[in-house]
Amino acid sequence: MKRIFYILSILFTLSLSVFAQTPQKLRSEEEPWRLLESARQSYKRGDYGNAIRLSENAKQNKIAQCEWYSYVFNAAFHVSSIQHAGDEIDKVLVALREDGLRDAVSIFDYYINMYSAEFFNNSVAELREFVENRKDYPEAEYLIGKVYQIEGEYDLAYRYYDKAWKLADKLDVPDERYDILYSMADLALMTGNEDKYEKTLLLVLNSDNTFMDSGFSSSFSNVLTRQKSMNPDRFFQLYRSGNVRSVLACYKLAEFYEDHGEKSKALSMSAYGMIAATNHIATIIGERDTDYKYTTLRDFFVEIMKYGDIVQWGIDNAVWENFYDFALKVKNAGNENFSQNLFLILSECEPEEYWRTAAGKLVVKK
């Protein structure tokens with residue numbers, strides 16, 4: 001099926017009807033997000049041709065929608081009462097409602113509910129600029145890239161991923177930028193581009209202010225390799241920070257550096273991934289049980305076992321595997337005391353049985 005989907009998308013785009021000179025309001029079923037959701041469902045079913053067709057349609061309708069919004073705004077702000085309402089969102093909304101300009105009110109309400117008036121500094125001018133400059137649809141570009149990757153069209157897949165990444169500031173859900181980066185990294189690894197693989201994963205970490213603090217990472221690296229009296233309980237009490245989105249990137253980079261003989265980097269990545277993971281999990285547990293307080297790593301694991309979704313999240317993000325790998329890397333760095341303490345804890349109550357058993361085999365019997 002070489003390039004069939006690429007040709008399909010071009011033909012579909014060329015066959016689109018030309019919108020009337022005066023922008024038209026989209027029907028409910030034509031809204032970009034609805035089309036994209038249908039495209040995602042087609043992707044899940046394996047109907048890749050339809051997924052691309054609907055994604056391309058969503059992209060075109062995103063443009064049409066923005067043109068409609070701009071048209072509505074221009075018409076509304078030609079009304080004298082709206083012009084005299086000033087730039088404050090709340091005052092302009094009152095004027096729009098009083099004048100019965102329902103389309104403009106609907107647009108304002110949608111974006112204020114999604115982002116809040118404070119996001120736009122309560123400025124109508126900022127809201128208008130934001131809305132009228134969202135013609136791109138990175139979510140659709142990303143989905144098309146995923147289709148091409150499945151079909152083995154790797155160059156095309158990367159092209160769409162790259163476009164989605166460059167448009168990441170237009171994402172409706174900002175955190176989807178990490179999904180794009182992880183897909184780009186997986187594709188780079190699949191195609192043997194190790195340099196791109198490493199750099200893309202490091203982009204995930206670039207948004208993590210704690211990780212970017214070189215003093216922080218050198219601090220826990222020194223603790224692990226030099227302070228032989230440090231134990232796992234104290235370590236995870238001492239270091240409580242990190243971005244949850246960094247967890248999987250740290251695991252992947254730790255393995256990458258280990259495979260390339262960069263053991264110091266591998267240990268730092270593994271350690272930081274564990275710090276970020278334990279911090280995230282402890283925060284979630286604390287939100288569910290206000291009486292919970294981290295005391296020991298053993299009790300922490302026991303608490304985790306009460307929550308199946310947290311255990312599954314750890315599996316999905318290689319957390320339980322990385323705990324084992326972290327202990328092994330500390331052992332190889334020469335800190336036998338720390339690693340043995342950690343292996344013992346993992347062998348007793350690590351949430352995933354496979355790694356619990358593996359840890360048990362490395363506990364030195366006294």
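Modeller: Helices are DSSP runs (H or I) of at least four residues, numbered from the N terminus. With that convention, Asn122 is found in the loop between H6 and H7. The model under discussion is a predicted one.

Colleague: How many helices and strands does the protein have?

Modeller: There are 21 helices and 0 strands. The C-alpha trace spans about 85 × 55 × 35 Å along its principal axes. Of the 366 residues, 47% are buried. Among contacts with a separation of 6 or more, 65% are between residues 24 or more positions apart.

Colleague: Where is confidence lowest in the protein, and where is it highest?

Modeller: The general idea is that, where pLDDT is low, the predicted coordinates should not be read in detail. In this protein the mean pLDDT is 90, and 92% of the residues reach 70 or more. Helix H1 (residues 4-15) has the lowest confidence, at a mean of 49, and helix H8 (residues 138-150) has the highest, at 98. The pLDDT is below 50 over residues 13-20, a stretch with 6 contacts in the model beyond near neighbours in sequence.

Colleague: At what angle do helix H16 and helix H18 pack?

Modeller: Two packed helices are described by the angle between their axes and the distance between the axes. Helix H16 (residues 263-288) and helix H18 (residues 308-316) pack at about 165 degrees, with axes 11 Å apart. An angle over 145 degrees counts as roughly antiparallel, and H16 and H18 are therefore roughly antiparallel to each other. Their crossing is right-handed.

Colleague: Which residues make the contact of H16 with H18?

Modeller: From H16 the contact takes Ala277, His280, Ile281, Ile284, Ile285 and Arg288, and from H18 it takes Asp309, Ile310 and Trp313. By class, the contact of H16 with H18 comprises 6 nonpolar, 1 polar and 2 charged residues.

Colleague: Is Trp68 buried or exposed?

Modeller: A residue counts as buried under 20% relative accessible area. Trp68 has 13%, and is therefore buried. Trp68 belongs to helix H3 (residues 48-76). Leaving aside neighbours within four places in sequence, Trp68 is in contact with Pro23, Gln24, Lys25 and Asp103. Trp68 and Glu132 are 64 residues apart in sequence, with their C-alpha atoms 9.3 Å apart in space.

Colleague: What does Cys349 touch, not counting residues up to four places away in sequence?

Modeller: Cys349 touches Arg298, Phe301 and Arg356. This cysteine lies in helix H20 (residues 336-349). Cys349 is buried, since its relative accessible area is 12%.

Colleague: What separates the C-alpha atoms of Cys349 and Cys250?

Modeller: These C-alpha atoms are separated by 23 Å, and the two residues are 99 residues apart along the chain.

Notes. Residues are numbered from 1 along each chain as its sequence is written. This is a predicted model: local features need pLDDT of at least 70, side-chain atom pairs count only at pLDDT 80 or more; totals for chains, interfaces and linings use all residues. Side-chain values use heavy atoms; hydrogens and water are left out. Axes are lines fitted to C-alpha atoms, for helices over the stretch in contact, and angles run from 0 to 180 degrees between N-to-C directions. Helices (H or I, at least four residues) and strands (E, at least two) are DSSP runs, numbered from the N terminus. Angles under 35 degrees count as roughly parallel, over 145 as roughly antiparallel, 65 to 115 as roughly perpendicular and the rest as oblique. A crossing is left-handed if the near helix is turned anticlockwise from the far one by less than a right angle, and right-handed if clockwise. Contact means heavy atoms within 4.5 Å. Ala, Val, Leu, Ile, Met, Phe, Trp, Tyr, Cys and Pro count as nonpolar, Asp, Glu, Lys and Arg as charged, and the others, Gly among them, as polar. pLDDT is the predictor's confidence in each residue, from 0 to 100. Buried means under 20% relative accessible area, exposed over 50%, partly exposed in between (1.4 Å probe, protein chains only).
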